[in-house]
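Here is a friendly walk through a two-chain protein model. Have the sequence and the 3D view open while you read, and look for each part as it comes up.

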Amino acid sequence: MDLGLLSQYVFNGLMLGMIYAMVAVGFTLFFGVLDVIKFSHGDVLMVGAFTGLATYLGLQAIGVDSPLAQLLVMALVATLAMALLGALIAKYLVLPLRLAPPLNTLLLTLMLGSVLREAVRLFYPQGSNPKPFPRLLPDDFIGFGSFTLRADSMILLLGGFAAIAVVHLVITRTKLGLAIRAVAQDAETARIMGINFEFIVLLTFAIGSGMAALGGLMNGLYYNEINFGIGLLLGVIGFSAAVLGGLGNIYGAILGGFVFSALQSIGAVSLPALFPGTSTAYKDVFAFAVVIVFMAWRPTGLIAEKKSERV
Amino acid sequence: MKRFFQAQSAFPALASMAAVTVFCGLFLHAESQTAVMGLTIGAVVALFLLARAGWNALAAASFAGHGRSAHTAVLLGVLLIAAAFYDQHFPLLMLASVLLYVVVCLGLNLQFGYAGVVNFAGAAFFGIGCYTSAVLAGHTPLPHALVVVAGGLMAAGIGSLLILPVLRTHGHYAALITIAFGILFRVFLEVNDTLGGPQGMKVPGMEILGWKLNDNLQFGDVELSFYVNYVVLSLALLAVAFMLVRRLERSWIGLNLDAVRLDEIACAAFGINVARWKIAAFTLGNFLAGMAGSIYAMMTGFVAPNSFTFGDSLILVSIVILGGIGNPWGLAVATAIVLILPEKLQFIQEYRLLLYAALVILILLFKPDGLLPRQVRNYLPGWKPRPRGESPARSAKAVQ
């Protein structure tokens, strides 16, 4: 394999890893503050992508046709709508089950994911068919031999990086972030210190879900197509990534996202090379199998869960 | 006359069973949407009124007190329904599917109802059974009775690959492993050309000692649908599985499993081998799912990856939750509702996953014990737990 093709794989892997990392950061944030897994996260991402698409169609209808304006409005509407959805889910579905067994929360959010998925399939116009997603980014590219660096991928990669960096800065550098970290460390003590527990939990869910909406838009812009089923797989992958890195740790989530996409790329490249005749479609089988084996080896992930350091 | 209406008498249980049998027969027979709708609403209203009149508690107490005759009544009821539809394929197919799905859910119930081992890949283990019977019955001369056992063993064997990660992890991490496995299994089937890829495989009908289950039965002038064979076979499997699960629950094994679910640390301190019981429950549950799967595949004659999606696993989990986690009778009722209702009410067919998911959310929020909550073990017939400051009505319910 030549260097150009290899760098193409690496670049695509980075791109996917960024999307996975954005989903995983959401999982890790929720787990940090409330010790719950919100499994509907992937489907929130899908709803975010569909909200973006609907916004785009709305903007087309009222005659806004500058791609930049469209993109910004789409990102804004999708992020805010999903932040609201995330906060509502937390308030009415996750918080009431705080004292129930953790399995119940997991089940409830799994079912909520099904509700969101089915609702889009049934009630979005022709929701069961894949939808073309508009190409809004410049399609310039620079070629280096067999490797082409596309401007849109570069923008998406930087955008994802910026989003994660902003969330990271909010959590580590602001007073709000201090409150989130305090709740993650010890909810009771945080309350004694005068932190509004419910507000912080809702806010964290809003931030995570907003990230998911951005992830959904990135996914749509990258593949130029969305369908109602993307959320399930992306949710499971994001969860795997968060667990691979170690739940509750934001660096772990980012690391896990890139590790998972690396596993997929390795599977796609090496399986056909090692066993002639196998298809590259085994890459997900390979990646999930490695995750299962890895979990048996290090049950709490690469960066192990520490009580004193969540988020 | 009055003694018939006491909890000690078997009459309330038998009368209820007779009523349920007649209702199921009518429901399966109903063709028009209005009739089905009317029956559904009628049943809900009747159950509500009977519960207000105290009949349900009476029937349940009588059911518990007369286990043997009540169980016979249930078996008879199923056979009567099968006999009533002796020449119609579709109702019999549905009946047999319900019976087999109850077996799968019994397996899941063992896993996370008793031992607390989460399994979100129920459909995958069912699918392993289906594909095992497709391969073995289609391409080897192995007797079909052994194929069914092989289906169970295969599911248990592949499940045992997951044991190490499942044992080493807890809660969410363990859930992820089974979810990942379920998705991995489906993707694997879709891309594997040897196993038919997305188109799936054909499965030959079952044949036990020269008795071909896929031929219609001829008795003089009366021709029985071949699904009657499968109903009888599934009923036999279900009866054995049901008895096994009930006995396990009642025995010291069931007590150990409950203890493992409720508090692993306390368990280990009392010398209970947590890993052993988790492995036992997980393996036995998968074995049941695999056996049911291999019969199901031979009955429908066809397997494809699309029947074993993550959504199907979720439906299985929702059956267990809806029925009342840990209560085998509850999940039998829930399976019947979840499988038959959408088939009969065509307009909800499309919305079925949405409805189940919403229903499970509501159940988890407002009635986390399910429709028929699990009761405390009743080792001594007629024994009532002492009411601890509870109202008399409440303590009467607790002996059900």
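## Where the two chains meet

Put together, chain B and chain A bury about 3700 Å² between them, and carbon and sulfur atoms give 83% of that area. Buried area here is the accessible area (1.4 Å probe) that two parts lose on being put together, summed over both. Of the area that chain B buries against chain A, 20% comes from H172(B), Y173(B) and L176(B), more than any other three residues supply. In terms of contacts (heavy atoms within 4.5 Å), 37 residues of chain B touch 47 residues of chain A.

This is a predicted model, in which local features need pLDDT of at least 70, side-chain atom pairs count only at pLDDT 80 or more, and totals for chains, interfaces and linings use all residues. Residues are numbered from 1 along each chain as its sequence is written, chains are lettered from A and ligands numbered from 1 in the order in which they are written, and side-chain values use heavy atoms, with hydrogens and water left out.

## What the chain B side is made of

By class, the side of chain B that touches chain A has 31 nonpolar, four polar and two charged residues. Here Ala, Val, Leu, Ile, Met, Phe, Trp, Tyr, Cys and Pro count as nonpolar, Asp, Glu, Lys and Arg as charged, and the others, Gly among them, as polar.

Across this interface there are zero salt bridges. A salt bridge means a side-chain nitrogen of Lys or Arg within 4 Å of a carboxyl oxygen of Asp or Glu.

## Salt bridges in the model

How many salt bridges are there over all chains? The count comes to six. One of them pairs E198(A) with K91(A), whose closest N and O atoms are 2.8 Å apart. E198(A) lies in helix α8 (residues 197–223) of chain A and K91(A) in helix α3 (residues 67–94) of chain A, so this pair ties together parts that are 107 residues apart in sequence. E198(A) is partly exposed, at 34% relative accessibility, and K91(A) is partly exposed too, at 35%. For these words, buried means under 20% relative accessible area, exposed over 50%, and partly exposed in between (1.4 Å probe, protein chains only).

R186(B) and E190(B) have their closest N and O atoms 3.3 Å apart; both lie in helix α9 (residues 171–191) of chain B, four residues apart, about one turn of the helix. R261(B) and D258(B) come to 2.8 Å, and both sit in helix α11 (residues 252–262) of chain B, three residues apart, again about one turn.

## The nonpolar core

Now look inside. The largest nonpolar core has 225 residues, and those with the most contacts inside it are L34(A), F205(A), F120(B), F125(B) and Y230(B). Such a core is a set of buried Ala, Val, Leu, Ile, Met, Phe, Trp, Tyr and Cys residues joined through side-chain atoms within 4.5 Å. Helix α5 (residues 89–115) of chain B gives the most to this core, with 18 residues.

Not counting residues up to four places away in sequence, F205(A) touches several residues, among them F30(A), L34(A), A90(A) and V94(A).

Most residues other than glycine have a negative phi. D35(A) has a positive phi, near 55°, and is found in the loop between α1 (3–34) and α2 (41–62) of chain A. N224(A) also has a positive phi, of about 60°, and its place is in the loop between α8 and β4 (225–226) of chain A. D35(A) is partly exposed, with a relative accessible area of 36%, while N224(A) is buried, at 15%.

## Chain B as a whole

Chain B has 18 helices and six strands. Of its 400 residues, 50% are buried.

Terms used
Helix = DSSP H or I, 4+ residues; strand = E, 2+ residues; numbered from the N terminus.
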